[in-house]
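Work through the exercises below with the sequence and the 3D structure open. Try each task before reading its solution.

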Amino acid sequence: MNLPLCYFGNPILREKAKPVTTFDTELEKLGNDMIATMREEAGIGLAGPQIGKSLRIFTMEVPPEMDEDEKGQPHNPGLESPLVVVNPEIEIVGDDEEEMEEGCLSIPEVRGKVTRPFAIKLRYQNVKGEEKALALQGLAARCVQHETDHLNGVLFIDYLSSVKKMSIKGKLKRIKQNYG
Ligand SMILES: [Zn+2]
C-alpha cells in the first residue's frame, strides 16, 4: 500500500521521532508500505516522519550501480536491499568527507550539495527487533545519514550555504503553499 507523503512545511518533519518499542506485524506492514511508497516515488530512502509516522524507522534502496568507486567497484557489496532500518545509531568511521548533491522526496525540485562523512558504522534493529550492524560507505552511508537526520527533525537544506538557502527560498515557499 502506498502512503501519502508529508512535505516541507509540515511540522512533523521538524519533530524528533520516537524510538520503536513494539516489533509486531503492524511494524512489518509499515516497513513494506514504506518500501512500496519509496519505489512509487522513485526515492532511494524514506523516513517515518515523511509518511506522517513520528517513529525511528526508515527504508533504503540504493541501486548498486549508483554506489561505486572510481574503478567501478561497488562501495557496499552484498548490502541487503531494500533495507528496513529501525532505531538507527550512527558512528562516523575515519576522517573522509565527501560533497554530493542531495534531494528529498519531502522537498520536491530542490537539490543542493551537502558534505558528509564518507564511511559510517550503522547499528540498528530489523522489523523483528533483532540487533544488526553494517559498515557502509559512499552513497548508502550518505543515505543512512540523510534518513537518520529526518528522525531528528533535520533536513538536508539545513546544511546548505546561506547563499544557496537564499536562492531556494521561493521554491520552499511554493512547496509550503502547494502541499501544506
Ligand atoms: Zn529526505
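**Exercise 1. Which residues does Val85 touch, not counting residues up to four places away in sequence?**

Solution. Val85 touches Ile57, Phe58, Met60 and Tyr124, with residues up to four places away in sequence left out. Two residues are in contact if their C-beta atoms, placed from the backbone, lie within 7 Å. The model is a predicted one: local features need pLDDT of at least 70, side-chain atom pairs count only at pLDDT 80 or more, and totals for chains, interfaces and linings use all residues. Residues are numbered from 1 along each chain as its sequence is written.

Val85 lies in strand 3. Helices (H or I, at least four residues) and strands (E, at least two) are DSSP runs, numbered from the N terminus. Then look along the chain: Val85 and Arg123 are 38 residues apart, and their C-alpha atoms are separated by 9.0 Å.

**Exercise 2. Is Val85 buried or exposed?**

Solution. Start with the cut-offs. A residue is buried if 20 or more other C-beta atoms lie within 10 Å of its own, exposed if 12 or fewer, and partly exposed in between, with C-beta atoms placed from the backbone. Val85 has 25 other C-beta atoms within 10 Å, so Val85 is buried.

**Exercise 3. In what order do the 5 strands of the open sheet lie?**

Solution. The order is 1-2-3-4-5, and the pairing is antiparallel. The edges are strand 1 (45-47) and strand 5 (131-137), each of which pairs on one side only. Two strands pair if DSSP finds at least two bridges between them.

Now go pair by pair.

- Strand 1 and strand 2 (residues 57-60) are joined by 3 bridges in the antiparallel sense. Gly45 stands opposite Met60 in strand 2, and the bridge partner of Ala47 is Phe58.
- Strand 2 and strand 3 are joined by 4 bridges, also antiparallel. Thr59 stands opposite Val84 in strand 3.

**Exercise 4. Which residues of strand 2 are buried on its two sides?**

Solution. First recall a rule: in a regular strand the side chains alternate between the two faces of the sheet. Ile57 and Thr59 are buried on one side, and Phe58 and Met60 are buried on the other.

**Exercise 5. Where do the buried residues of helix 1 fall, seen down its axis?**

Solution. List them: Leu27, Leu30, Gly31, Met34, Thr37 and Met38 are buried in helix 1. They fall within an arc of 130°, so they line one face of the helix; the arc is that of the directions from the helix axis to the C-beta atoms. The face turned away from this buried side carries the exposed residues Thr25, Lys29 and Glu40. What covers the buried residues includes strand 1, strand 2 and strand 3.

The expected span of a helix is 1.5 Å times one less than its number of residues. The 16 residues of helix 1 should therefore span 22 Å, and this agrees with its end C-alpha atoms, which are 22 Å apart. Just after helix 1, Ala42 takes a positive phi of about 55°.

**Exercise 6. How many residues does the largest nonpolar core have?**

Solution. A nonpolar core is a set of buried Ala, Val, Leu, Ile, Met, Phe, Trp, Tyr and Cys residues joined through C-beta atoms within 7 Å. The largest one has 37 residues, and those with the most contacts inside it include Ile57, Met60, Val85 and Val144. Its largest share, 6 residues, comes from helix 2.
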